Amino acid sequence: MFYVVGTPIGNLEDITFRALKVLKEVDYIFAEDTRVTKRLLNHYEIEKTVYQYHEHNKFHQIENILNLLKDNKKIALVTDAGTPCISDPGFELVNEILKKNIKVTGIPGASSIITGGSISGLDMRRIAYEGFLPKKKGRQTLFNKLKEEERTIIILESPNRILKTLKDIKEYLGERYVVITRELTKIYEEIIRGNVSEIIEKLEKKSIKGEIVLFIRALDDDGIYFKDKKIKIVGNAPEDKRCREIFLHSGFYDYVNSSYATPRDINILSVKSDHIVSGEIADNVIEFACAKLNIKRSNITKAFYTTI
């Protein structure tokens, strides 16, 4: 059995019970840096043989690991921080193990990408993860491609290159809003938000250290998520007044004015004379209002005119 185990990205308490159980039970642990992993193991009083698996010895170690797995040994792969095989060595190993029809089990854990995204304040429903950018060859080509990228862009960067990357963003992508998260879950955790020019000016005055995840707001995202979400109910006919009461007191009005409402939801209601012209989910709206106010559907159906 082969396990890909997520470990803390800084704070040693950010590890699951399941991860600790696996690390205690496996025969061998392969780690990017054995010194880092041994600190984690010592903290939880786990005594285990730890071998290196990194970018410079991976091809040699893949063969060794496959042989151990053939002998029915249980092996765990960890990285210095977070989950292996994303931007750290490991995906080639997993691929070779799968080719041998050996089971691979993922043990979820901390992630600087997910943690940073969750507190970035950006729309993370669609993302483009670029990992570490090319240092030289292919860098310009990549930035030219990113000009048309419509999703939120995520980049991993070192403190030595962050300023250069920000200047490249300004040159190729223009004045974009960015969020820098660094040293997440650690003592010196810091979140820096602002337009790229502002961040460049700030970092030119004072550099930053530590592991960095950089988020670039999506191309057509202006950061305003509460707009054009209004229900307008007009008219003075009895049905109009009744509908107004239903939707203002049912909670549906608040729903449409929330960030959960979709454009289709927003285009629901517009009262004309003695009826409501509704969108294609009018039936759901009626059911919502009836259930909320405990009103029989037959009492208000006449007030609706559905167009699909």
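Two strands count as paired if DSSP finds at least two bridges between them. Strands (E, at least two residues) and helices (H or I, at least four) are DSSP runs, numbered from the N terminus. The model is predicted: local features need pLDDT of at least 70, side-chain atom pairs count only at pLDDT 80 or more, and totals for chains, interfaces and linings use all residues. Residues are numbered from 1 along each chain as its sequence is written, and side-chain values use heavy atoms, without hydrogens and water.

Select residues 2-5 and 75-78. These are β1 and β4, parallel strands joined by three bridges. Val4 has Leu77 of β4 as its bridge partner.

Now show the whole open sheet, whose five strands pair in parallel in the order β3-β2-β4-β1-β5. β3 (50-52) and β5 (104-107) are the edge strands; each has a single partner, so one side of each lacks a neighbour in the sheet. From one strand to the next, the twist averages 25 degrees (axes are lines fitted to C-alpha atoms, for helices over the stretch in contact; angles run from 0 to 180 degrees between N-to-C directions).

Helix α2 lies across β2 (28-31), β3 and β4, at about 160 degrees to β3 (contact means heavy atoms within 4.5 Å).

Which elements each supply at least two residues of the lining of the largest pocket? They are α2, α5 (112-118), β6 (127-132), β7 (152-157), β8 (177-182) and β10 (212-216). The largest share, four residues, comes from α2.
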